[in-house]
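Trainee: I would like to learn how to read a structure of this kind. Please show it and start with the terms.

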Amino acid sequence: MFKIIKTSQLQLLAMLTAMFLIVVFFSFATDGAFISPRNVSNLFRQTAIVGVLAIGMVFVIISAEIDLSVGSMMGLLGGIAAILDVWFHFPIMLTILITIGAGLVLGLFNGWWVAYQKVPSFIVTLAGMLAFRGILVGLTDGVTVAPTSSSMGVIGQSYVPSGWGISIVLLLCLGLIAKVFRRHQAQKKHEVVNQSPKFEYLKAFISVVVLLVLLALLEGYRGIPTPILIMGVLILIATYVAKRTAFGRRVYAIGGNIEATRMSGVNVELNKMFVFGFNGMMVAVAALILTSRLGAGSPAAGNMAELDAIAACVIGGTSLAGGVGTVFGAIMGALIMSSLDNGMSMLDVPTFWQLIVKGAILLLAVWLDVKTKKSQ
Amino acid sequence: MKQPLLDMRDIVKSFSGVRALNGVSITLRDGEVLSLCGENGSGKSTLMKVLSGVWPYGTYEGEIYFQGKQVKANGIRDTEALGIVIIHQELALVKELSVMENIFLGNELGSFASLDDERMHRRTQELLAQVKLNISPDTLIRELGVGQQQLVEIAKALNKDVKLLILDEPTSSLTNNEIEILLRIVEGLKQQGIACVYISHKLDEVLALSDWVAVIRDGDHIATKAAVDLTQNDIISMMVGRQLDELFPREPHDIGDVILQVNHASAIQAGASRPQVDDVSFSLHKGEILGIAGLIGSGRTELMQCLFGCYDGQYQVSIELEGRSHSIRSQRAALKAGIAMVPEDRKRHGIVPIMGVGRNITLSILDNYSTGLGAIDEAKESHDINDSIARLKVKTATSDLAIKNLSGGNQQKAIIARCLLTKPKILILDEPTRGIDVGAKYEIYKLMFALVKEGVSIIMVSSELPEVIGISDRVLVMHEGRLKGEFGYEGLTQEKIMNCAIKEAVLA
């Protein structure tokens with residue numbers, strides 16, 4: 001028991017330490033420019049798209065599957081959004097709804113092949129990766145669809161008004177504290193021995209401090225970027241789904257041992273299909289942010305994004321063998337990746353070095369994970 | 001006196017705090033056969049894993065000397081280099097490769113770039129002759145029967161200049177004829193001065209073959225005695241440490257009317273020549289424990305899979321539960337109808353290893369805890385978990401501990417707890433005590449009697465005949481997919497069941 005709590009804490013600690021070291025290093029290397037409000041805002045906006053993709057991907061990987069099609073799917077969905085907006089002048093809400101609906105359908109389509117037709121997800125989504133890109137190029141005739149409307153621009157380019165932003169973050173802090181306090185009370189009532197009350201409080205305290213510091217930084221520039229608000233809301237929802245719902249529990253069980261889960265009377269096929277459907281919706285959200293940021297639908301949009309999403313999940317402690325992973329970890333993974341991107345760009349590190357460093361970090365993260373697990 | 005070939009001294013091995021071996025010592029000289037006896041889960045296999053280096057030096061206490069030198073193996077390669085070869089219960093041959101390729105796998109003759117096929121071919125023929133196998137070296141493994149595969153394994157061991165051969169239940173799936181051949185080969189090896197550790201439940205073989213018999217019970221070394229001084233009963237009483245009626249706590253209980261009627265169950269695998277279940281009909285009474293016996297492959301498990309809706313192939317069956325007919329085509333449908341099953345293969349079909357004990361227990365009934373927004377009512381859930389853990393006496397540090405850290409017996413109890421939470425009318429237990437220590441077995445039997453007293457009906461499939469006789473109210477025996485006999489428990493003997501399971505049909 002003791003060991004297990006320790007490993008999950010260890011993993012969290014390792015990730016936070018890595019993040020901290022990256023921040024310290026780049027801050028010194030750039031004479032503080034890295035943690036300037038402007039750059040932090042920029043960094044977070046860069047993280048939003050991979051972050052949202054990672055939220056969907058982490059469920060897929062926890063269920064012991066993989067989705068290689070998300071890059072192409074994001075391109076296709078972003079293209080659809082741009083076409084609806086630019087060519088047909090659909091109202092923005094309708095465009096959003098249709099895009100998310102299309103994401104759900106594409107995700108369920110992938111999921112149906114995987115769950116019911118038993119084609120390995122690697123193959124199904126590899127096929128999707130090719131086909132979705134092909135559909136996108138066909139739909140757009142290979143040209144960029146631009147310019148998008150100003151209401152489209154709100155999704156990816158605007159900032160939350162200062163008053164709203166501050167109240168949202170303060171509410172979040174209060175909620176966090178209340179949650180820890182309430183759980184503690186409940187544990188007292190049910191006479192459950194809390195294994196690490198200090199750790200819980202420390203975690204809440206650090207989270208509040210980090211949130212407030214970030215708020216101060218972001219407000220110091222233009223406020224909280226809208227994509228970050230969207231990602232934040234999705235993090236909360238996805239964490240709730242993963243930790244508190246029967247669906248989330250079943251996804252972990254399916255990844256842990258699909259046969260045993262089936263023997264327990266769980267409809268594993270349906271749940272697996274839903275996982276891909278959920279992932280499709282996350283891809284649609286990321287696609288909307290992307291199209292809005294670019295102000296256009298591009299036939300090359302989202303190229304290789306699936307690899308960033310998978311890397312984020314894996315760096316965040318998700319096991320490709322299934323059954324293990326958290327939404328928070330995946331987001332941290334995404335943040336680590338984009339911090340490296342951002343910091344190295346600021347230092348004018350050539351692109352080829354950036355790719356090499358990112359590859360090395362991915363390998364190192366998983367190697368460390370394998371090592372610590374083995375030494376147990 | 002000649003120095004012993006093998007000397008294991010005071011071996012202690014623990015798994016997450018539980019002692020699997022508690023100071024076991026064995027010695028063996030060249031050309032001697034030592035049989036290791038003990039119940040499932042008594043620590044025999046663990047001891048052999050220590051000896052063969054599966055558990056490397058440092059993960060256990062105690063010392064091992066081989067040919068006078070201390071062994072500090074880091075893995076199975078190190079011990080193989082010394083001439084210690086283990087042949088596992090589960091065969092480790094590559095099915096798609098030929099006999100020759102398997103025998104030389106990892107030790108291929110010739111250079112890296114070009115293999116010396118001719119030499120390997122000749123050598124394989126010699127080895128096959130030595131184990132009296134009349135097959136071509138180019139035969140693919142998958143074309144061989146289990147017994148022949150076992151012999152190929154031995155040939156493979158002989159190729160490695162073996163000094164000590166460990167056979168882990170080699171005859172459990174062999175025919176009498178094949179056993180005969182195997183025993184003669186071991187005799188032959190003995191003449192050549194090769195020592196052998198023999199693990200088997202078949203005590204007649206043990207007594208016929210061995211010089212020494214060592215008995216292990218619950219990790220303790222009970223005794224090592226010369227085989228000539230022992231009878232089968234001596235070994236059994238050392239193995240179990242108590243009398244049979246103490247092992248099986250039969251309690252009187254009322255048996256009601258027929259609750260389940262199964263008619264014309266048939267199941268066939270695609271491409272198979274004969275059905276695995278062949279037109280089986282039987283009934284089960286309320287509050288009854290129905291034992292199902294038969295050899296491995298007799299269709300017992302497959303019959304249960306038909307009832308639970310999880311047979312992997314074509315099947316048909318008519319199921320009438322409490323007078324209502326049910327069509328059960330999935331595990332979900334079975335659970336809904338009130339049939340729960342504890343599967344035979346706990347690791348593959350039972351536990352979700354990295355999940356907590358508690359979450360494993362509630363996996364079947366998550367819908368019961370559903371509040372708004374699909375959330376789980378955790379207070380209600382942990383209440384059920386704590387109740388289950390207390391009732392079944394699952395020994396775990398906390399309910400959050402990953403279930404893979406528990407002993408087999410406690411894992412099994414957790415899986416039974418999962419089934420019970422679905423409030424089943426019929427509980428199917430497929431090999432409920434396989435690989436479980438005596439204490440946990442006893443608790444599971446106790447629980448079974450408590451359940452039937454509450455009106456649950458139980459179907460128990462088991463290969464352990466004493467268990468079938470000691471627990472069941474009625475016993476069905478299967479043979480090649482068919483029902484061959486039906487017995488009441490009174491006056492039932494292992495011989496009667498075996499005769500029925502192997503030979504001709506017996507009219508009940």
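Mentor: Helices (H or I, at least four residues) and strands (E, at least two) are DSSP runs, numbered from the N terminus. In this predicted model, local features need pLDDT of at least 70, side-chain atom pairs count only at pLDDT 80 or more, and totals for chains, interfaces and linings use all residues. Residues are numbered from 1 along each chain as its sequence is written, while chains are lettered from A and ligands numbered from 1 in the order in which they are written.

Trainee: What follows α12(A)?

Mentor: A:Gly295 comes after α12(A), and its phi is positive, near 70°.

Trainee: How many of the 27 residues of α12(A) are buried?

Mentor: A residue is buried if 20 or more other C-beta atoms, placed from the backbone, lie within 10 Å of its own. That holds for 24 of the 27 residues, so α12(A) is largely enclosed by the rest of the structure.

Trainee: Which residues of chain A and chain B make the contact, in number?

Mentor: Two residues are in contact if their C-beta atoms, placed from the backbone, lie within 7 Å. Chain A contributes 23 residues and chain B 28 residues. On the side of chain A that touches chain B, α10 (246-256) and α11 (258-263) each supply at least two residues; α10(A) gives the most, with 7 residues.

Trainee: What does the model score for ipTM and pTM?

Mentor: The ipTM is 0.86 and the pTM 0.81. Per residue, pLDDT is the predictor's confidence, from 0 to 100. Chain B averages 87, and 94% of its residues score at least 70. Over residues 504-508 of chain B, pLDDT stays under 50.

Terms used: Buried ≥ 20, exposed ≤ 12 C-beta atoms within 10 Å, placed from the backbone.
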